[in-house]
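The sequence and the model are shown below.

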Amino acid sequence: MTNQHHEIVAYQGPCFTIEWYCDVRGDSEAFDYYRSLPAERRRKALTLLRHMGDMGKIFDKTKFRHESDQVYAFKPQPDRFLCFFFSGKKNHHHQRL
């Protein structure tokens, strides 16, 4: 995981680059929470992020689902990480957690 210019890349795959959301100071509550988890729970979350980054889709709604409007959630039980998709500024599709 790298931290450059207020971006913390969680995983970069051929379909998506997944980043932890950072505020203007470069702080990320979601990333701080992820780092506080036990190793097994971090592994479960990273497995889902890698799958999305590599494959571009997670079909299991118990693991990833549309929550509302443009908000989605990775759900490595018992945790839940909200995310949204964006494209534009960068050459690669991105998700922010």
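Buried here means a relative accessible area under 20%, exposed means over 50%, and partly exposed lies in between (1.4 Å probe, protein chains only). Helices (H or I, at least four residues) and strands (E, at least two) are DSSP runs, numbered from the N terminus.

## Basis of the values

The model is predicted: local features need pLDDT of at least 70 and side-chain atom pairs count only at pLDDT 80 or more, while totals for chains, interfaces and linings use all residues. Residues are numbered from 1 along each chain as its sequence is written, and side-chain values use heavy atoms, with hydrogens and water left out.

## Overall architecture

The chain contains 2 helices and 7 strands, arranged along the sequence as β-β-β-α-α-β-β-β-β. Of its 97 residues, 36% are buried.

A contact is defined by heavy atoms within 4.5 Å. Among contacts in the chain with a separation of 6 or more, 42% are between residues 24 or more positions apart.

## Nonpolar core

A nonpolar core is a set of buried Ala, Val, Leu, Ile, Met, Phe, Trp, Tyr and Cys residues joined through side-chain atoms within 4.5 Å. The largest one has 19 residues, and those with the most contacts inside it are Ile18, Trp20, Tyr34, Leu49, Met52, Phe74 and Phe81. At least two residues of this core come from each of strand 2 (7–12), strand 3 (17–20), helix 1 (29–36), helix 2 (39–55) and strand 6 (81–86). Helix 2 gives the largest share, 5 residues.

## Helix 2

The expected span of a helix is 1.5 Å times one less than its number of residues. For the 17 residues of helix 2 this gives 24 Å, and the end C-alpha atoms are 24 Å apart, which agrees.

The buried residues of helix 2 are Ala45, Leu46, Leu48, Leu49, Met52 and Gly53. They lie on the same side of helix 2, because they cover an arc of only 155 degrees around the axis, the arc being that of the directions from the helix axis to the C-beta atoms. The exposed residues Ala39 and Met55 are on the face turned away from the buried side. Gly56, which follows helix 2, has a positive phi near 85 degrees.

Lys44 belongs to helix 2 and is partly exposed, with a relative accessible area of 29%. Leaving aside neighbours within four places in sequence, Lys44 is in contact with Pro76 and Gln77. The C-alpha atoms of Lys44 and Lys75 are 9.2 Å apart, with 31 residues separating the two along the chain.

Gln77 is joined to Pro78 by a cis peptide bond, with omega about 10 degrees. Pro78 lies in the loop between strand 5 and strand 6.

Two strands pair if DSSP finds at least two bridges between them. Strand 4 (residues 64–68) and strand 5 (residues 71–74) pair in the antiparallel sense over 4 bridges. Phe64 has Phe74 of strand 5 as its bridge partner, and Phe74 is also among the residues with the most contacts inside the largest core.

The hairpin has 2 residues between the strands. Asp69 lies in this loop and has a phi near 40 degrees, a positive value in a residue other than glycine. Asp69 is exposed, with a relative accessible area of 71%.
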